[in-house]
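Please read these notes with the structure open beside you. They are meant for a quick check, point by point.

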Amino acid sequence: MSFPWANEYKPTNPFMKWMDEKLPLPRFVYNSVGAGYPVPRNLNYFWNFGILALVCLTLQIVTGIVLAMHYAANATVAFDSVEHIMRDVNWGWMLRYAHANGASAFFVVIYIHIFRGFYYGSYKAPREMVWLLGVTIFLLMMATAFMGYVLPWGQMSFWGAKVITGLFSAIPLVGEPLQQWLLGGFAPDNAALNRFFSLHYLLPFVIVGVVVLHIWALHIPGSSNPTGVEVKSESDTVPFYPYYIAKDGWAVGAFAFLYCVMLFFFPNTLGHPDNYIPANPMSTPAHIVPEWYFWPFYAILRAFTADFFFIPAKLMGVLAMFAAILVWFFLPWLDRSPVRSSAYRPLYKKFIWILLLDVLVLGYCGGAPAQEPFVMISQLASIYYFAHWLIILPIVSAIERPDPLPYSITQAVLGGEDVPAMANSTAPVPTHG
Amino acid sequence: MIRIISILVGLFFTVALVWSFGNGALIAITEPSPETAEHEFHRHPKEVHFASDGAFGRFDRQQLQRGFQVYKEVCSACHSLQHVAFRDLAALGYSEAEIKAIAAGFQVPGVDPNTGEAALRPGMATDYFPKPFANDIAARAANNNAVPPDLSLITKARHEGPAYVYSLLTGYHDQPAELLKKFPEAETPAGLYYNPYFPNLNLAMAPPLTSEGQVSYSDGTKATVEQMAKDVSAFLIWTAEPTLEKRKQTGWPVLGFLLFATVLGYMSYKNIWADKKKV
């Protein structure tokens, strides 16, 4: 589970010795996030976002539990109970803004974390399981965030719930009954609000469980690194404590600073004004849009405007929207390049940056009203999105000639100096399979 | 094998998208979407500044009191303020006695202590502002089939809320001649009023602030229409978020602490890594 040169836990304090015999929890911590866990020495700041995601998850759970003490999940009073939190609960406004902006912060962090995975090929062997669990966490996060947004029971809550559960009605034959079963009625109402609250409280703990598996699976091969070259010797690594604890520590501080700028000075900027209007089934908002973190996928959903042979446009949109994320599950097998890091993949590197731009364009269009030119732009951007993963990636990974890789992490960091045995040697350019 | 399947799936989605794109392009060329009066004549809110704007924003309590007066004397005839209690007015600088007097000036729903029947009683500090209409049907009946929205959260419930409220209150005028020339069918229907700041240009609310001095300010401020509109907008910023000032005031020390902690964290990071970068 670790490298042979990892420091061994040697308790000196009698109590810790006793503890180590009965329940080796300190040993576990030492080997997981302490001096007993060697980590590649060359991780850049992209590698801080895993910890930041954990910080966000904790923040959401803590603020969420306290908010749940004051919130009432009943369609007649839910909106008022949120205003009660904002006005009458001590520091309630801060809790609620922290939770609402915490969701946004969580998605910012997770999107950077995911992009890190794309760029540096973190999904490749031997870390496929880490990746699969990560995509699972992302799906759970989306479900949790969606249901959380319904809870204030404002106009966007209601109509968002209606639109998203309406997606299930696109499924042939069972769609309509399935939607009614999910909502517990013909439209979102008290039954839906109650079950969404229940699940919104449950899912974060499911996420915690999958996060444990995610980190467990990660700790078997250890972290990847910006070169994508696996750890070869002790000089390639530093102990997690104190090196990465210190680096993560200040990154958490910087993150908290930016997050608090949003929380205290722009708390409603990322929200939608319509959600300060109580839910009204009789009045449809002019533009129904989800929260910003769903915009790229919402753009893909809306890009399918014409029936395709016997498949209705709506069903195509739903299939595509889910496929847009589910395709990530297949990345370890779609990308056949033996080189992990895009830094050494001159051709794929261009495409991955285009993909980032493409997703930003999709995001912009997803937040814009469903009018031209936004629909046509999202169609073009969606074409690239699917072509990127399903056509370009498999082909490029087969034909690309990667740049030569450094022999080791140490060589990459030090540029060959002080590494007597391996100076001037480079790893053979791997042939593609 | 997986690559072949992947490329086929990829082609499936891309071809379907090209098909959608082609259809959309065809429609865009053959039936371009018609221009609408709303699209052409709807105006972005005016630029207006409030004391509570910005990272150091504070409420101007004199202005909030004036705005409250406008709400009480004008808006409250039709608009509720259901999330605000009389006791909350202490934040505007009113004394306990003043709040009791203000509350007593409103009749709130209560129960007759002798018969148990529904009755009205004078408000108390703990009561919330009473609703002007018994229910939505009564509100519609009295307002040309429109329900006057609750104003507690109005400045958060509209894009650029405070500027929107100010612009709407000061934005009434006759329909421009070029609008009627271009869109003759868009003439303001009877009982509605033209206002370019309202999304569909015609709203059921008659201009509420019409003449200078409609409200007599006790602090000597000249009650022009602009002044009243601005004051009531400021008041509605407060009703939408009474904790706004506290939020901004809390933010600065929090950021100061985090900056300090982050700098310390950065320095210890540099210190701890000092021997590692070059080994």
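1. Ground rules. This is a predicted model: local features need pLDDT of at least 70, side-chain atom pairs count only at pLDDT 80 or more, and totals for chains, interfaces and linings use all residues. Residues are numbered from 1 along each chain as its sequence is written, while chains are lettered from A and ligands numbered from 1 in the order in which they are written.

2. Interface. Chain B puts 46 residues in contact with 48 residues of chain A. Contact here means that the C-beta atoms of two residues, placed from the backbone, lie within 7 Å. On the chain B side, the elements giving two or more residues are helix H1 (2–30) and helix H9 (244–273). H1(B) supplies the largest share, 18 residues. By type, this side of chain B has 25 nonpolar, 15 polar and 6 charged residues. The classes are: nonpolar for Ala, Val, Leu, Ile, Met, Phe, Trp, Tyr, Cys and Pro; charged for Asp, Glu, Lys and Arg; polar for the others, Gly among them. Helices (H or I, at least four residues) and strands (E, at least two) are DSSP runs, numbered from the N terminus.

3. Helix H7 of chain A. H7(A) has 12 residues and reaches 16 Å from its first C-alpha to its last, close to the 16 Å expected at 1.5 Å a residue. The expected span is 1.5 Å times one less than the number of residues. Of the 12 residues of H7(A), 9 are buried, so the helix is largely enclosed by the rest of the structure. A residue is buried if 20 or more other C-beta atoms lie within 10 Å of its own, exposed if 12 or fewer, and partly exposed in between, with C-beta atoms placed from the backbone. The buried residues include A:Trp159 and A:Ile164. Their cover includes H6, helix H8 (175–183) and helix H9 (190–219) of chain A.

4. The H5–H6 loop of chain A. A:Ser122 sits in the loop between helix H5 (92–119) and helix H6 (128–150). A:Ser122 is buried, because 25 other C-beta atoms lie within 10 Å. Leaving out residues up to four places away in sequence, A:Ser122 touches A:Arg116, A:Gly117, A:Arg127, A:Trp131 and A:Ser224. A:Pro126 is placed in the loop between H5 and H6 of chain A too. The peptide bond from A:Ala125 to A:Pro126 is cis, with omega near 5°.

5. Another cis bond. A:Glu372 and A:Pro373 are joined by a cis peptide bond, omega about 5°. A:Pro373 is in the loop between helix H14 (346–367) and helix H15 (374–399) of chain A.

6. Positive phi. A:Trp153 is not a glycine, yet its phi is positive, about 55°. Its place is the loop between H6 and helix H7 (155–166) of chain A. A:Trp153 counts as buried, with 25 C-beta neighbours inside 10 Å. B:Glu160, not a glycine either, has a positive phi of about 50°. B:Glu160 is partly exposed, with 16 other C-beta atoms within 10 Å.

7. Annotations. The unreviewed UniProt entry gives "transmembrane region" for residues 251–269 of chain B. In the model, that stretch is 100% helix and 0% strand, with end C-alpha atoms 26 Å apart. UniProt positions are given in the numbering used here, feature names are shortened, and annotations may be inferred rather than shown by experiment.
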